Amino acid sequence: MKSLLKVIRRYSITVGVIVLVLFFINVCVFMGVAYMTVSDTNRLDYGRDCMERIGGELLKEKEGIKLSEKGKEILEDTAFLWAMALDKEGCVVWEWKLPEEIPENYTLQEVASFSRWYLKDYPVRIWRSEELLLVFGCGPERVTRYDVMMSAETFEFLPVYIKAMVFANFMVILLFIVFFGFQFYRSMKPLVEGVEMLALGKRTDIKEKGSMGELAAKLNLVSKRLEQQQEQLSKRDEARTEWIAGVSHDIRTPLSLIVGYSDKLAEDGTLSIKNRKLAENMKRQSLIIRQLIADLNLASKLEYQAQPLKKRLCSPAALLRDCIADFYNGQPGVFPDTKNGMTDFFIEVNIGREADGIRVMADEGLIKRALWNLIGNSIRHNEKRCHVTVSLTAKDNGIHWRIEDTGSGIPNEVVRNMECRGDTIHIMGLRIAAQIAGAHGGNLLFIRRDGGNYDVEFFIEREEG
């Protein structure tokens, strides 16, 4: 569910940023348009500078008021359509391109009216030049005038109104973000819960409605197909485990007879030494077959969690000492196929002070089986006298058994085969040890030597009783 909240947070932040950017762009555009409007009305072609310069070029002569040649050039370059000058009595004393519909005499009330508005549908601008009132007419298609009035109180509180409007906009934006974010959350929540159920291996049954109905239907379909596949795999694994257990049980009785008969033949004094050696070899190979069958059965059960763990409070140090004693005492079944004999090895034990007093919950039989396999590998695969060092430590909330030897170590091919699950190399003992470690919340680690090969470390989770 944390991932869904993360998505919602990102969605809300993204929407907020987009809205704020759009709001900022709109404000910038509005301010730009306002600036262009103000500056446009003050440009040279019909602005204050233009009117002031034209007013300065009006000359008083005997014949009347005239505009100098320079003034005419300035006026021609402006956007004004016409111009005129009024004296104090409101009479036109000078005019330029004055339309016929424009009167030549005005009362005080008429001057007050058009000075802030229109004169015969022409937007006009006014400029006072000494005793004259200059009136410039603009084109209705180019200039528009509005007379806006407000009270002093309203103008005084205008900044407050603007701030309130901006705040209200922000609140509306925030409300929309929360609303749509919640709607998105409601539509996505069932899908996220369904995915989490699938991750846990459980069936999903999401309601197929709303904007996410199609995705919910597909997720339900995937769940149904995965459930069917899991049922098929479970049946196959159960059949495989039962078959291996059945074969192991069927072989056990005749194999026991072979071991018993070969043992009697090996001790029969009436037979020749050669025949007794043959009987001894037959017994040894039969024990190897029995051990392989037991390994195969155990590996199958561990792989499919069919092997019940009989956990109880035990001492890791005591388990290790028992395993070493089994090797030195020639415990049957520990490593029946050794080529070096039961005494052609030396095992050194190093137990840390903290690890010596620890008690953990574990299956003693399986832990000892894993240690037998790992220590036995060091002895079995080295032809010369082998010095094996087994170290027991408690660290990182785990119990660690590290097995090192003076032999060649574990080859790279074996380590790669463990990772790739190939069948080209027989590594049943290592696989069983790894499975036992996994059943106890641990793992099997391969420690690389300077020469390139590996030693091994077996560790389990420190589950105290």
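Predicted model: local features only at pLDDT ≥ 70, side-chain atom pairs only at ≥ 80, totals over all residues.
Student: How many aromatic pairs does a search of the whole structure find?

Tutor: The search finds four aromatic pairs. One of them joins Trp82 and Tyr122, whose ring centres are 5.8 Å apart. Their planes stand at 90°, so this pair is edge-to-face.

Student: Why does 90° give that label?

Tutor: Planes over 60 degrees apart count as edge-to-face, and the planes of Trp82 and Tyr122 are at 90°.

Student: Which strands do Trp82 and Tyr122 lie in?

Tutor: Trp82 belongs to strand β3, residues 82-86, and Tyr122 to strand β6, residues 122-129. The pair therefore ties together parts that are 40 residues apart in sequence.

Student: Is Trp82 buried or exposed?

Tutor: Trp82 is buried, with a relative accessible area of 1%. Tyr122 is buried as well, at 15%. The cut-off for buried is under 20% relative accessible area, which is why the value of 15% places Tyr122 in that class.

Student: What about the rings of Tyr106 and Phe114?

Tutor: Their centres are 5.4 Å apart and their planes meet at 65°, so Tyr106 and Phe114 also form an edge-to-face pair. Tyr106 has a relative accessible area of 7% and is buried. Phe114 counts as buried too, with 2% relative accessibility.

Student: Changing topic to the backbone: what is the phi of Lys97?

Tutor: Lys97 has a positive phi of about 50°, although it is not a glycine. Most residues other than glycine have a negative phi.

Student: Where is Lys97?

Tutor: Lys97 sits in the loop between β4, residues 92-96, and α4, residues 108-115.

Student: And what is the phi of Glu130?

Tutor: Glu130 is not a glycine either, and its phi is positive, at about 55°. Glu130 is located in the loop between β6 and β7, the latter covering residues 132-137.

Student: Is Glu130 buried or exposed?

Tutor: Glu130 is exposed, with a relative accessible area of 63%. The cut-off for exposed is over 50%.

Student: Now for Ser129: where is that residue found?

Tutor: Ser129 is found in strand β6. Its relative accessibility is 12%, so Ser129 counts as buried.

Student: What does the side chain of Ser129 reach?

Tutor: The side chain of Ser129 reaches the backbone oxygen of Gly55, at 3.2 Å.

Student: Which residues is Ser129 in contact with, leaving aside its neighbours within four places in sequence?

Tutor: With those neighbours left aside, Ser129 is in contact with Gly55 and Leu134.

Technical notes: Residues numbered from 1 in each chain as written. Heavy atoms only, no water. Phe/Tyr/Trp six-rings, centres within 6.5 Å; stacked < 30°, edge-to-face > 60°. Helix = DSSP H or I, 4+ residues; strand = E, 2+ residues; numbered from the N terminus. Buried < 20%, exposed > 50% of the residue type's maximum accessible area, 1.4 Å probe, protein only. Polar contact = N/O pair within 3.5 Å; in protein donor to acceptor, adjacent residues only side chain to side chain. Contact = heavy atoms within 4.5 Å.
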